[in-house]
Amino acid sequence: QVQLMESGGGLVQPGGSLRLSCTASGTIFSTNSMGWYRQAPGKQRELVAGISTYGATYYADIVKGRFTISRDNAKRTVYLQMNSLKPEDTAVYYCNAGLSILTRSAGGSWGQGTQVTVSS
């Protein structure tokens, strides 16, 4: 069974930066596409960014140019660097393993989520 552990969330002022990390265990990390979703109160969970096994990336339009997803297969970790944060980026961010970059459909493994709050 795949276990995903996120870290790096917190409170940041508008315009600030955060880097989220997600470390996987119980799976061959390098064979899984990985992604970050987020869910704000009262809203559906949405795909923010994804990265395939060979490094192809996808970004939601609302984060393009501000967020960067990357992976380190040796450390079994995927990162989400978030810059120029806005209050509307406030949400619980979830790591996902096994998503399809092509169809944007989520894989079956989720982390517990990490809260990101952007507020002055």
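Guide: Arg104 is partly exposed, with a relative accessible area of 37%; here buried means under 20% relative accessible area, exposed over 50%, and partly exposed in between, computed with a 1.4 Å probe on protein chains only. The residue is found in the loop between E9 and E10, the strands (E) being DSSP runs of at least two residues, numbered from the N terminus, while helices (H or I) need at least four. The model is a predicted one, in which local features need pLDDT of at least 70 and side-chain atom pairs count only at pLDDT 80 or more, whereas totals for chains, interfaces and linings use all residues. Residues are numbered from 1 along each chain as its sequence is written, and side-chain values use heavy atoms, with hydrogens and water left out.

Arg104 has a positive phi of about 70°, although it is not a glycine. Most residues other than glycine have a negative phi. Gly98 is found in the loop between E9 and E10 (109–110) as well. Its relative accessible area is 39%, so Gly98 is partly exposed. Gly98 and Ser33 are 65 residues apart in sequence, yet their C-alpha atoms are 5.1 Å apart in space.

The loop between E8 and E9 comes next. Ser84 is found there, and its phi, near 50°, is positive in a residue other than glycine. Ser84 has a relative accessibility of 41% and therefore counts as partly exposed. Asp89 lies in that loop too, but at 0% relative accessibility Asp89 counts as buried.

The whole structure has four salt bridges, each a side-chain nitrogen of Lys or Arg within 4 Å of a carboxyl oxygen of Asp or Glu. One of them joins Arg38 to Asp89, with the closest N and O atoms 2.9 Å apart. This pair links distant parts of the chain, since Arg38 is in strand E4 and Asp89 in the loop between E8 and E9, 51 residues apart. Arg38 has a relative accessible area of 5%, so it is buried. Asp89 also forms a salt bridge with Arg66, the closest N and O atoms being 2.7 Å apart. Because Arg66 lies in the loop between E6 and E7, this second pair ties together parts that are 23 residues apart in sequence. Both Asp89 and Arg66 are buried. Through shared partners, salt bridges join Arg38, Glu46, Arg66 and Asp89 into one network.

Another salt bridge has a setting of its own: Lys64 and Asp61 bring their closest N and O atoms to 3.2 Å. Lys64 is exposed, with a relative accessible area of 51%, and Asp61 counts as exposed at 64%.

E8 (residues 77–82) pairs with E3 in the antiparallel sense over six bridges, two strands being paired if DSSP finds at least two bridges between them. Along this pairing, Cys22 stands opposite Val78 and Leu18 stands opposite Met82. Six bridges also join E8 to E7, again antiparallel, and here Thr68 stands opposite Gln81. The hairpin of E7 and E8 has four residues between its strands, and Arg76 takes a positive phi near 55° in it. E3 (residues 18–25) is joined in turn to E1 (residues 3–7) by five bridges, and these two strands run antiparallel; Met5 stands opposite Thr23 there.

In soluble globular proteins, nonpolar side chains tend to be buried together.
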